[in-house]
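Colleague: Could we go through this model together? I would like to begin with side-chain contacts and then turn to pockets.

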Amino acid sequence: MNLTIKKGKFIALLGKNGIGKSTLLRTLSKVQKPLSGVVKINNKNLEEYSHLELATSLSLVLTEPIPLSQLTVFELVSLGRQPYTNWIDKLTPNHLKKILWAIDETEINHLKDKRFHELSDGQLQRVLIARALAQDTEIIILDEPTAHLDIHHTFKVFSLLKKLVQNTQKTIIISTHEVNLAIQLADEFILLSEDKIYTGTSKELISQNAFETLFPKELISFNKTLEQFVIKKT
């Protein structure tokens with residue numbers, strides 16, 4: 001694998017179950033060591049980043065459940081500022097400004113006083129994105145953020161991420177199985193197959209027949225005119 005991710009892009013990571021999407025994201029975020037090779041952020045070896053330095057460069061939104069607590073939405077989003085606070089975690093006016101900005105950008109003002117365990121899955125996902133946004137890193141990585149959401153909330157999360165890239169010029173990398181939606185909204189793709197890695201825009205991947213590697217051909221086909229997958233009629 002040899003690839004470069006550009007700043008300020010909405011990147012969709014695609015591939016079949018078990019192909020290595022989560023492994024790649026864990027490697028890019030230093031959750032696990034590379035099986036081989038080197039990962040660099042801004043031309044600096046990832047292994048040279050301290051945990052604190054990395055926390056100000058890259059933020060994560062994972063699918064693991066959050067431990068039950070009485071934290072409010074505002075308090076949960078505020079945790080994104082931990083890499084910048086002092087030893088007593090005191091929030092300065094600048095921290096509060098970043099937190100309120102993240103809450104505003106993700107349109108969750110009406111939720112900020114609720115306990116996070118009272119939220120729906122779709123609402124909680126927006127709160128976790130707000131926490132990553134409050135962390136104010138150049139890169140945000142999300143592993144299957146719409147895995148448990150209905151189509152309405154899935155579309156809202158994708159639209160939110162697209163808007164954030166446009167408004168903030170942050171780099172957002174998302175692994176997803178929502179291929180049709182990703183094709184419509186993502187700027188570029190990393191598509192993992194058994195024997196090849198495809199990168200580029202949707203049109204570039206369509207020209208390489210890359211999307212055809214994702215699903216069994218006897219069940220689902222990719223329509224190049226519509227630029228989406230369609231179920232084959234029996």
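**Contacts, hairpin and pocket**

Modeller: A polar atom of the side chain of Asn223 lies 2.8 Å from the backbone nitrogen of Leu226. Such a polar contact is a pair of N or O atoms within 3.5 Å; within protein, one must be able to donate a hydrogen and the other to accept it, and residues adjacent in sequence count only if both atoms are side-chain atoms. The model is predicted, so local features need pLDDT of at least 70 and side-chain atom pairs pLDDT 80 or more, while totals for chains, interfaces and linings use all residues. Residues are numbered from 1 along each chain as its sequence is written, and side-chain values use heavy atoms, with hydrogens and water left out.

Colleague: Which backbone nitrogen does the side chain of Asn223 reach at 2.9 Å?

Modeller: That of Thr225.

Colleague: And where is Asn223 found?

Modeller: Asn223 belongs to strand E9. Helices (H or I, at least four residues) and strands (E, at least two) are DSSP runs, numbered from the N terminus.

Colleague: Which strand does E9 pair with?

Modeller: E9 (residues 220-223) pairs with E10 (residues 228-231) in the antiparallel sense, over four bridges; pairing requires that DSSP finds at least two bridges between the strands. Asn223 stands opposite Gln228 in E10. The two strands form a hairpin with four residues between them, and Glu227 in the turn has a positive phi of about 60°.

Colleague: Why does Asn223 count as partly exposed?

Modeller: Because its relative accessible area is 26%. Buried means under 20%, exposed over 50%, and partly exposed in between (1.4 Å probe, protein chains only).

Colleague: Changing topic: what is the phi of Glu107?

Modeller: Near 60°, a positive value in a residue other than glycine. Glu107 is in the loop between helix H4 (93-105) and helix H5 (121-134).

Colleague: Now the largest pocket: how much space lies in it?

Modeller: About 980 Å³. A pocket is an open set of points on a 1 Å grid over the protein atoms alone, where a 1.4 Å probe fits, with protein on both sides within 12 Å along at least five of seven lines; lining residues have an atom within 4 Å of a point. The volume is the space filled by probe spheres set on the points.
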